[in-house]
Amino acid sequence: MYELTSVRTIKNIASKFGFTFSKGLGQNFLTDKRVLYKIVKAAEIKSGVLEIGPGFGVLTQELALLAEKVVTVEIDSRLVSVLEYTLADLNNVKIINEDIMKLDLKKVIEEEFRGEKISVAANLPYYITTPIITMLIESRLPIGNIVVMVQKEVADRMVAAPGTKDYGAISVMCQYYTKPEIVTIVPSSLFMPPPKVDSAVLRLKVCEKPNIEVSDEQLFFKIVKAAFSQRRKTLLNCLASAFPVGKQEISDNLVKIGISPSVRGETLGLSEFASITEAFSGLV
Ligand code: SAM
């Protein structure tokens, strides 16, 4: 196996294949073994693993040692021949040259993993972190565990508690579907080339069913979005701007469920958003 965390090896391979790093594709390669092992451990690999953005295959190698099969999806066609070279010794890796956001993931899981529950592991390209995580979580596909390297500030937002500065609609979405946890913080110096900001390994344990029961999920997320839409405004004003319902009626309904109309959305937890959803389901 190639020592792909070694800067010298990365430089040698890059020069062998005439490869130059694309900033636009978020190509910052991990150069630290301990972080690599932490990602693999946190992924709790059972049998199948989906990797997003293998780069030269540094994480792919480690995943393939533990998994029955690894399917790795790389958008950059220049990397296909590099990966065929670095992963030549591994017979349980399938490389798909595609944009993860365009891939039919349901079909891939059915065809490559017999529809069984998989883990997702990735050092994500930063320009598209949140859309990828949202897509994975909302897909409701058989994914048990998502372990991803993301910008530290994104990880902070996903684990944030109500009332804190990082808490927002994305925190609610993550905490509705998963149990999010920061595994470790990773300084930018451990990447080649180093990105501008520090990173974090984030683990999202996908729950069998959402962490709170709501009768109308679409309405729940519409309320969450509205509550965070204007941070300086009260909950009442945010909801009144988003729904065609009179202020007095909204206010009465909030009071009825014990929520002050003058609170700010960022102080509300999952259960309060669920209560508002039930109170609103007859109104809108
Ligand atoms: N896994 C390697 C590592 O840990 O060193 C590389 C990680 S690098 C941060 C992100 C990788 O994702 C790059 O290889 C990049 O080409 C790839 N990538 C970027 N956008 C992608 C997309 N939409 N779909 C699939 N791969 C993508």
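Start with β2 and β3: these strands pair in the parallel sense over 5 bridges. Pairing here requires at least two DSSP bridges between two strands. Helices (H or I, at least four residues) and strands (E, at least two) are DSSP runs, numbered from the N terminus.

The model is predicted: local features need pLDDT of at least 70, side-chain atom pairs count only at pLDDT 80 or more, and totals for chains, interfaces and linings use all residues. Residues are numbered from 1 along each chain as its sequence is written, and side-chain values use heavy atoms, with hydrogens and water left out.

**Stop 1: strand β2**

Stay on β2 and select I52. Its bridge partner in β3 is V73. Now show the side chains of β2. G48, L50 and I52 point one way, V49 and E51 the other way, and all are buried. Buried means under 20% relative accessible area, exposed over 50%, and partly exposed in between (1.4 Å probe, protein chains only). With 5 of the 5 residues of β2 buried, the strand is largely enclosed by the rest of the structure.

**Stop 2**

Select the 7 strands of the open sheet. Their order is β4-β3-β2-β5-β6-β9-β7, and the pairing is mixed. β4 (93–97) and β7 (178–186) stand at the edges with a single partner strand each, so one side of each has no neighbour in the sheet. On average, neighbouring strands of this sheet are turned by 20° against each other, direction ignored. Axes are lines fitted to C-alpha atoms, for helices over the stretch in contact; angles run from 0 to 180 degrees between N-to-C directions.

Contact means heavy atoms within 4.5 Å.

β7 and β9 (residues 199–206) pair in the antiparallel sense over 8 bridges. K179 stands opposite K205 in β9.

**Stop 3: helix α8**

Select residues 169–177. This is α8, which lies across β7 and β9 and runs at about 115° to β7. How many of the residues of α8 are buried? The count is 8 of the 9, so the helix is largely enclosed by the rest of the structure. Colour I170, S171, V172, M173, C174, Q175, Y176 and Y177 to see them. These buried residues pack against α6, α7, β7, β9, α9 and α12.

Two packed helices are described by the angle between their axes and the distance between the axes. For α7 and α8 the angle is about 65°, with the axes 7 Å apart. At the contact, R157, M158 and V159 in α7 meet I170, S171, C174 and Q175 in α8. Those residues divide into 4 nonpolar, 2 polar and 1 charged. Ala, Val, Leu, Ile, Met, Phe, Trp, Tyr, Cys and Pro count as nonpolar, Asp, Glu, Lys and Arg as charged, and the others, Gly among them, as polar.

Now T134, in helix α6. T134 is buried, with a relative accessible area of 18%. Its side chain reaches the backbone oxygen of T130 at 2.7 Å. Beyond its neighbours within four places in sequence, T134 is in contact with I170 and M173.

Finish here with α12 (270–280). Its buried residues pack against α8, α9, α10 and α11. Among those buried are F273, I276 and F280.

**Stop 4: the ligand**

Centre on the ligand. Which residues around the ligand come nearest? Of the 23, they are L30, G53, E74, N123 and Y127. A residue counts here if one of its heavy atoms lies within 4 Å.

Check the nitrogen contacts next. A polar contact is a pair of N or O atoms within 3.5 Å; within protein, one must be able to donate a hydrogen and the other to accept it, and residues adjacent in sequence count only if both atoms are side-chain atoms.

- G53: a backbone N or O atom lies 2.8 Å from a ligand nitrogen.
- P54: a backbone N or O atom lies 3.2 Å from a ligand nitrogen.
- Y127: an N or O atom in the side chain is 2.8 Å from a ligand nitrogen.

**Stop 5: two loop residues**

Select A67, in the loop between α3 and β3. Buried or exposed? At 8% relative accessibility, A67 counts as buried. Its C-alpha atom is 5.1 Å from that of S47, 20 residues apart along the chain. Not counting residues up to four places away in sequence, A67 touches I45, S47, V49 and N92.

Last, select S188, in the loop between β7 and β8. S188 is buried, at 17% relative accessible area. Leaving aside neighbours within four places in sequence, its contacts are P194, P195, V197 and D198.
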